[in-house]
Amino acid sequence: MEVRTILLVEDNPDDELLTLRALEINQIRNEVVVARDGEEALDYLLGRGAWAGRDPRRIPALVLLDLNLPKLSGLEVLRRLRSDDRTRLAPVVILTSSKEEQDRFSGYSLGANSYIRKPVDFARFTEAVKQLGLYWLLLNELPPEAPAAGGL
Amino acid sequence: MESDRESLPTPDFRALFESAPGLYLVLTPDLRIAAVSDAYLRATMTRRETILGRGIFDVFPDNPDDPAATGVSNLRASLERVHRFRKPDAMAVQKYDIRRPEAEGGVFEERYWSPMNSPVLGPGGGLAWIIHRVEDVTEFVRLKQARTEQTRVTEELRSRAEEMEAEVFLRAQELQEANTRLRGANEELTDLTARLEVANRELEAFSYSVSHDLRTPLRAIEGFSDAVLQDYESRLDERGGDYLRRLRAGAQRMAQLIDDMLELSRVSRAELRREEVDLSALVGSIAAELRQRDPARNVEFLVAPGAVASGDPRLLRIVFQNLLENAWKFTGRHPRATIEFGATSRDGRPAWFVRDDGAGFDPARAGRLFGAFQRLHSASEFPGSGIGLATVQRIVHRHGGRIWAEGAVEKGATFTFTL
C-alpha cells in the first residue's frame, strides 16, 4: 500500500518541531511536508509554484492545519481546497491554539473534518497526535481519487 | 259736551300725584321738599312724613363711604341752572347711593339715576316750584357694567390667549432646544456605543491573541522541557530533572490561568440567552464526569430531582462545573464525602445550592471568595487559579441574581445563588 504524505501547515518553528517530535514518538512514518504559510500550503495542495507538476488529485493522507498563518489564513486555505474538485475531499484536521467559538464554528462550517486544540502539556499533545495517527492514518480509508477530468 | 264737563268730579290732584308711577319730588324754590310720589318714597326707601319740609340735600346727602360721589354737587348745579334759566335741565346718569333706613342697618346701597329738573312758573313768571323727576336706571347701568365686565373678561381672555400663545411659542422654542440637546445626546450615545463596540472588538481581538499567542511560547517551554527530560534523561541528575519538571508545571499552570481568564472575560461578554434549564440533569451529568475522572474517590452525590431554572444553559453549565469541581476538590482530603445539590428560596425568590462537607473556609474571609485571583487555600493544598468563583459570580450577576457562601473550616461549604 502506497503511503501518502501528511501536510503540516504551521508557521511557528517550535510548534513544527514539537509536532514532528510527537509524530516521531508515535512512530508515524508518513512523509511530512511542512508549509509555513497559507500560500505554501495551497502551492502543495494544488500543485503549483514550488510544487508545480505535483498531481493535486493525490490528496495527502492528512492535512494538519493551523489557523493563524501569514499571507493566507488557515480558514482561507480550507475554503479554497474545499472549493476545488481535486482536493475537496482531503481530510483536514484543524490544529490550533484557539478554542474560540468563532474559529471552531468557521472551521467546521468550511468543512474541517476535525478540530483539535493544541494542549500546552506535551504529553497530552503526544497522546492527541497518537489518536490522530491511529484514526486518520490507519483506520480511515481515503476517498477514491478524483477523476482527471474533474480538475481545472 | 258742556253738560258732560259739568258732571265731572273734581280730581284729587294730590292723590293722583302721589300715586303717579313715576318718581317725583316737588321742591320749593329754596329746595325744600313740598311733595313726593309714593314711587319715589319706595325707590329711595324713605317715608313721606320724615322728608316733607326738609331740604333736599339734608335728606339725600352724598355717600360718605364713596369719596368719588358727585351726586349732590351735580344736582345743586342743575337746580341752579333751573333757577337761572327757568328751563328744564336734564342731568347725566348719576351715581347716588341710597341710604337704607336705620332699621335695616342704615348702609348705603349703590344706585344710578337719570334725573330731570323742570321749573313750574307762577302767574308772574317767577319760579314757583321745581319738579325733580328721576328714573332709577340702576339695573340698566348694572347690565351695561356687566356687559363692560364681559367685554373686559373677553379682553382679558384674549390677552390671556395671547399670553398663552406667547408662552406656547416660548415652550415650543424650549422644546426645540431640548430636542436639539436630546439629538446631541443621542448622537453622543450613538458615538459612545460605536466606541464601545470598537473597544469590545479590540477586547475580543486581545482575548483572541492572548488565547492564541500566549499559549504558543508556553507550548515551547513545556514541550522542550519534556523533550530534554525524555531524550537526555541519562545525562540529567536528580536536580536537573526536578528543575525541568518545575518548568513544565509552571507552563501548565500558566496555560490554565490564561484559559480561566479567557473564560471569565468570555462570560462577561457572551450574549445571555435564557431558556428553561434542567438543573438536576445538568448537575447529574457533571457529577458523572467527575466520577469518571477519579473513580477511586468515595463521594456520594445527593442531587435533588426536578430542579429547573430560567437561564443561559451554557453559562449555567460553567456555574455548576465550577461549584461541583470545587466541592470535589475541597473534599479530596477526606476519605469519604457528600456533595449535595438542592433547591431552596431566599426572600421569596427561588434559589439553588451546592453543599459539600470538605475543607470549608474561614467565614471571616468569605468576602474574598468571589474576587478574581483570591485564594483561601495554598496551591500546594488545593491547586487552582482563583478565578472560578469570580466567573461563577459574574454569571450569576449577569442573570440578575446573587450568590453567597456559608461555611466553616473543616465543616464544608455551601454556595447558594438566585438567578
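**Notes on the two chains and their contact**

1. Let me begin with the surface of chain B, which exposes about 25300 Å², with carbon and sulfur atoms supplying 54% of it. Please keep in mind that this is a predicted model. Chain B holds 12 helices and 15 strands, and of its 419 residues, 36% count as buried. If you look at contacts in chain B between residues at least 6 apart in sequence, 58% of them join residues at least 24 apart.

2. Chain A has 152 residues, of which 56% count as buried. The accessible surface of chain A is about 7300 Å², and 51% of that belongs to carbon and sulfur atoms. Chain A has 5 helices and 5 strands, and reading from the N terminus you will find them in the order β-α-β-α-β-α-β-α-β-α. Among its contacts between residues at least 6 apart in sequence, 67% join residues at least 24 apart.

3. Now to where the chains meet. Chain A brings 22 residues to the contact and chain B brings 23 residues. About 2100 Å² is buried between chain A and chain B, and carbon and sulfur atoms give 48% of this area.

4. One salt bridge to find is that of B:Arg219 with A:Asp15, where the closest N and O atoms are 2.5 Å apart. On the side of chain A that touches chain B, the elements giving two or more residues are α1 (13–25), α4 (101–109) and α5 of chain A. Of these, α1(A) gives the most, with 5 residues.

5. How do the 18 residues of α5(A) compare with the span they should have? At 1.5 Å a residue they should span 26 Å, and the end C-alpha atoms lie 24 Å apart, so the two agree. At the start of this helix, a side-chain oxygen of A:Asp121 comes to within 3.0 Å of the backbone nitrogen of A:Ala123.

6. Staying with α5(A), its buried residues include A:Phe122, A:Phe125, A:Val129, A:Leu132 and A:Trp136. An α-helix has 3.6 residues a turn, so residues three or four places apart point the same way. The cover over the buried residues of α5(A) includes β1 (6–9), α1, β3 (62–65), β4 (92–96) and β5 of chain A, together with α8 of chain B.

7. My last point is α9 of chain B, residues 238–269. This helix has 32 residues and reaches 47 Å from its first C-alpha to its last, close to the 46 Å expected at 1.5 Å a residue. Among its buried residues are B:Leu244, B:Arg248, B:Ala251, B:Ala255, B:Ile258 and B:Asp259. Which elements cover the buried residues of α9(B)? They include β5 (114–117) and α5 (122–139) of chain A, along with α7 (138–213), α8 (215–231), α11 (313–330) and α12 (388–398) of chain B.

Definitions and conventions
Residues are numbered from 1 along each chain as its sequence is written. Chains are lettered from A and ligands numbered from 1 in the order in which they are written. This is a predicted model: local features need pLDDT of at least 70, side-chain atom pairs count only at pLDDT 80 or more; totals for chains, interfaces and linings use all residues. Side-chain values use heavy atoms; hydrogens and water are left out. Helices (H or I, at least four residues) and strands (E, at least two) are DSSP runs, numbered from the N terminus. The expected span of a helix is 1.5 Å times one less than its number of residues. Buried means under 20% relative accessible area, exposed over 50%, partly exposed in between (1.4 Å probe, protein chains only). Contact means heavy atoms within 4.5 Å. Accessible areas come from the Shrake-Rupley method with a 1.4 Å probe; for residues, only the protein chains shown count as cover. Buried area is the accessible area (1.4 Å probe) that two parts lose on being put together, summed over both. A salt bridge is a side-chain nitrogen of Lys or Arg within 4 Å of a carboxyl oxygen of Asp or Glu. A polar contact is a pair of N or O atoms within 3.5 Å; within protein, one must be able to donate a hydrogen and the other to accept it, and residues adjacent in sequence count only if both atoms are side-chain atoms.
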